[in-house]
Amino acid sequence: MAMPLSWKIGAAVAGLVVAVFAWNGLSQYFAARQADEITRDSARTAMREAQQAKAQAQQYQAQLAADLKQQREDLSNTYQQVDEQARQYQAAQVIRANRQQQEDLRVQATYRLDGNQQCEGGIVINHSGSSFTQVIGNDGQPIPCKGDTAAEPLR
């Protein structure tokens with residue numbers, strides 16, 4: 001028994017429709033798989049980039065901490081150096097002040113009358129035994145005095 005032509009055409013059209021639906025379904029399945037794979041790849045890439053960013057942030061934080069520690073050490077060393085320089089400066093100032101005071105005392109001693117000198121009538125007089133003489137300054141004039149101190153150096 002032969003199939004009529006309309007049945008053959010119908011069967012061919014039906015086969016073609018089934019093939020189109022199968023092709024469409026298969027295409028959608030592959031597209032969905034490809035989309036899932038792209039989504040997984042994107043998620044893996046995003047996770048890897050997040051891990052790299054986290055590692056870089058940790059490295060940056062560690063570097064900042066190390067830099068801060070170094071700056072603190074440098075600042076501490078600077079403070080110690082400045083403190084030591086200040087102590088040395090103060091010690092030098094004390095030494096200079098002591099030297100100046102000794103020099104002032106030495107200079108003052110040159111103005112003081114010694115045991116053979118007296119201030120008589122505002123003029124330094126030298127006593128040597130039973131003789132008395134006026135002490136003469138660099139200008140050839142008698143040296144004025146007050147109490148036990150002359151107006152200019154005697155020695």
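**Salt bridges, a disulfide and a nonpolar patch**

Glu-103 is partly exposed, with a relative accessible area of 33% (buried means under 20%, exposed over 50%, partly exposed in between; 1.4 Å probe, protein chains only). The model is predicted, so local features need pLDDT of at least 70 and side-chain atom pairs count only at pLDDT 80 or more, while totals for chains, interfaces and linings use all residues. Residues are numbered from 1 along each chain as its sequence is written, and side-chain values use heavy atoms, without hydrogens and water.

Start with the partner of Glu-103. Glu-103 forms a salt bridge with Arg-106 (a side-chain nitrogen of Lys or Arg within 4 Å of a carboxyl oxygen of Asp or Glu). The closest N and O atoms of Glu-103 and Arg-106 are 2.6 Å apart. Both residues lie in helix α1, three residues apart, which is about one turn of the helix. Helices (H or I, at least four residues) and strands (E, at least two) are DSSP runs, numbered from the N terminus. Arg-106 is partly exposed too, at 47% relative accessibility.

The count of salt bridges comes to four. Move back along the helix to Arg-87. The side chains of Arg-87 and Glu-84 meet in a salt bridge, at 3.1 Å from N to O. Again the two partners sit in helix α1, three residues apart, or about one turn. Arg-87 is partly exposed at 43% relative accessible area. Glu-84 counts as partly exposed at 35%. This pair belongs to a network of salt bridges that links Asp-83, Glu-84 and Arg-87.

Next comes Asp-41. Asp-41 forms a salt bridge with Arg-44, and the closest N and O atoms are 2.1 Å apart. Asp-41 and Arg-44 are three residues apart in helix α1, so about one helical turn separates them. Asp-41 is partly exposed, with a relative accessible area of 33%. Arg-44 is partly exposed as well, with 47%.

Leu-5 has its place in helix α1, which covers residues 5-111. Leu-5 is exposed, at 60% relative accessible area. With Ile-9, Val-13, Val-17 and Phe-21, Leu-5 forms a nonpolar patch on the surface. Together these residues have about 500 Å² of accessible area (Shrake-Rupley method, 1.4 Å probe; for residues, only the protein chains shown count as cover). Patches take residues with over 30% relative accessible area and no salt bridge, joining like charges within 9 Å and nonpolar side chains (Val, Leu, Ile, Met, Phe, Trp, Tyr) within 5 Å.

Where is the disulfide? The structure holds one (a pair of cysteine sulfur atoms within 2.5 Å). The bond joins Cys-119 to Cys-145, with S to S at 2.0 Å. The pair links distant parts of the chain, 26 residues apart. Cys-119 lies in strand β1 (residues 117-120) and Cys-145 in strand β4 (residues 145-146). The torsion about the S-S bond is about 100°, so the disulfide is right-handed. Cys-119 is partly exposed, at 24% relative accessible area. Cys-145 is buried, at 11%.

Glu-120 is also found in strand β1. Glu-120 counts as partly exposed, at 42% relative accessibility. Leaving aside neighbours within four places in sequence, Glu-120 is in contact with Ile-125 and Cys-145 (heavy atoms within 4.5 Å). Gln-134 is 14 residues from Glu-120 in sequence, and the C-alpha to C-alpha distance is 9.5 Å.
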